[in-house]
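Have it open alongside as you read.

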Amino acid sequence: MKKTMEEEKCDFISSLPSDILRRIISFLALEQAMKTSALSTVWRSLWVPAEVNLREANREVKDIVDLFSKPYDCHQVWKLCLGFQDSKKAPSEMKGEIIALAAKGVDEELYLDFSERQKEQVKNLCLKLEPCCSCHSLLSHPSQAATFSSTLKMLHVRRLSNLSKDLISGLFSSSQFLESLKLEGCNGLQSLDIEANHFLRSLKVIDCPDMVNISVSAINLRSFWYQGILPHQVHLKNTSDLVEVMLDLRNGSGPREFDCEDVLSLLASLKDIEVLRVSGWLLEWLCSGGVIFRRLDINFNKLKQLSWMDSAMDNTKRDSLACFLNICPSLEKLIIEIDPNRGPLPCPYFHHYWHEPHLWMDYTSVMSNTSQLENLKVVEFTGYTNEEDQSLLIDLLLKKACLLESVTVTSPQHHSWKVAKIPDDQSQLNQTRQSSNQQKQNAVLSLIKFIIRIQNTLFTRIAPSHKNATP
């Protein structure tokens, strides 16, 4: 009996009415709230989706957009189905194929996960926000916002199909206050064209292995993340406020021929950002093609943090990174991420070179051709295996970064330790000690000279008074 009472006492919250439980989890962000479904069957029952049957093709987009656009006091979950016509059954008894699961949070965040069974893939997606009203008018007259069909702030879409294309376009075009857009797992998507207003701040395009062209126009865009294959063209227009960019090109360059000019054009459009995450092979292939960064008209003068990602570290990768650092004069933090699971990407053979081949120089030449990293303070190296090329890179950073405060290396087993520069031999150590002793001697001599000056000053002031006192 005692055990039962303790169990009931511990499960007091779960015994509350469902409406109250839904109200409780509404105070959590949607992504965190959905994790409560793993607590017990009671909490799992709160996430049973309401079925929405799309029976009329002409109404489905408008109806679903209106459904997702309404404000809610609690988190909502739906499953969108295509109903099968059966004259013998009532509409409520008809079962349909689930084409998507949807969840909307109280903070105007919407997740859409479309079924993998939809075999027809979307190749081109064009998302344009309808210019219903200027942003200044919306901000100065909040009452006008109610006239729009949606106040959605975040839209996260997983997978695309022809059935979802019109729905996503309808949602985007009606969301005047959309701040964040994420497209994930969009196999088959080759072209993405986005025109947004002043509110869109974040755009993430993740796991899109077939992408060819990306065009984005968003005047207040601050963050752009892309993961997938290297697109043939990436146009970032009207993005002068862009601060953070991720180019995780783990799928390589695909079947297309690698073009140094297209990649350099992309880098030129990112020259004013402050944070960059980039696949290391991209810099390696550029340098293998003869690109010498310090000879270009591109300088990342505002770049504060650089993350370099690759499957391994060898001499060509090391030297290409050192070459790129020459155009990052303001860099304060360098993160090197080595993950063998990314897999190797063999560099192609180049028939013509941009400048001239330079990656097979010896380490001494690489050291002399690397600029001083005057602002670099922090280096983090994950996946460190103590190989020679990795150690030489750390040695290069220790010698070129005069203000370096912290170097942390982490092994693949997640063991971390600090790295510090020590004298190369005993002569340097003796030289350091002699320099320290000389500084101490100079300090003592300066103190003695200062005391003598004070004594002379006092003597000069006292001497006249003694003369005046003599009869």
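1. Let's start with the lining of the largest cavity: its residues split into 6 nonpolar, 3 polar and 4 charged. Keep in mind that this is a predicted model. In total 13 residues line the largest cavity, and nearest its centre you will find Leu230, Pro231, His232, Asp262 and Val263.

2. Where does the lining of the largest cavity come from in terms of elements? Two of them, β12 (233-237) and α8 (260-268), each put in at least two residues. The top contributor is α8, which supplies 3 residues.

3. On volume, the largest cavity holds about 140 Å³ of space. If you count cavities of 30 Å³ or more, you get 6. As background, rolling a probe the size of a water molecule over the atoms is what shows where empty space remains.

4. Now to the pockets. The largest pocket comes out at about 290 Å³. Its lining is made up of 17 residues, and the ones nearest the centre are Glu257, Phe258, Asp259, Cys260 and Phe350. Sorted by class, the lining of the largest pocket has 8 nonpolar, 5 polar and 4 charged residues.

5. The second largest pocket has a volume of about 230 Å³. Have a look at Met34, Leu101, Ala103, Tyr111 and Asp113, which lie nearest its centre among the 14 lining residues. Two or more residues of this lining come from each of β2 (76-83), β3 (96-104), β4 (109-114) and β6 (154-158). Class by class, the lining of the second largest pocket has 10 nonpolar residues, 1 polar residue and 3 charged ones.

6. Next, helix packing. Helix α10 (residues 315-325) and helix α12 (residues 388-400) have axes 9 Å apart and pack at an angle of about 20 degrees. The cut-off for roughly parallel is under 35 degrees, which means α10 counts as roughly parallel to α12. The crossing of α10 past α12 is right-handed.

7. Which residues make the contact of α10 with α12? From α10 they are Asn315, Arg318, Leu321, Ala322 and Leu325, and they meet Asp389, Leu392, Leu393, Leu396 and Leu397 of α12. Between them, the contact of α10 with α12 has 7 nonpolar, 1 polar and 2 charged residues.

8. Helix α10 also packs on helix α9 (residues 280-288): the two axes come within 9 Å and cross at roughly 85 degrees. Roughly perpendicular covers 65 to 115 degrees, so that is how α9 and α10 sit relative to each other.

9. Finally, the residues behind that crossing. Leu283, Glu284 and Cys287 on the α9 side meet Thr316, Lys317, Ser320, Cys323 and Phe324 on the α10 side. By class, the contact of α9 with α10 divides into 4 nonpolar, 2 polar and 2 charged residues.

Methods: Residues are numbered from 1 along each chain as its sequence is written. This is a predicted model: local features need pLDDT of at least 70, side-chain atom pairs count only at pLDDT 80 or more; totals for chains, interfaces and linings use all residues. Side-chain values use heavy atoms; hydrogens and water are left out. Axes are lines fitted to C-alpha atoms, for helices over the stretch in contact, and angles run from 0 to 180 degrees between N-to-C directions. Helices (H or I, at least four residues) and strands (E, at least two) are DSSP runs, numbered from the N terminus. Angles under 35 degrees count as roughly parallel, over 145 as roughly antiparallel, 65 to 115 as roughly perpendicular and the rest as oblique. A crossing is left-handed if the near helix is turned anticlockwise from the far one by less than a right angle, and right-handed if clockwise. Contact means heavy atoms within 4.5 Å. Ala, Val, Leu, Ile, Met, Phe, Trp, Tyr, Cys and Pro count as nonpolar, Asp, Glu, Lys and Arg as charged, and the others, Gly among them, as polar. On a 1 Å grid over the protein atoms alone, a cavity is a set of points where a 1.4 Å probe fits but cannot get out, and a pocket is an open set with protein on both sides within 12 Å along at least five of seven lines; lining residues have an atom within 4 Å of a point. Grid points are joined across faces, edges and corners, and a volume is the space filled by probe spheres set on the points.
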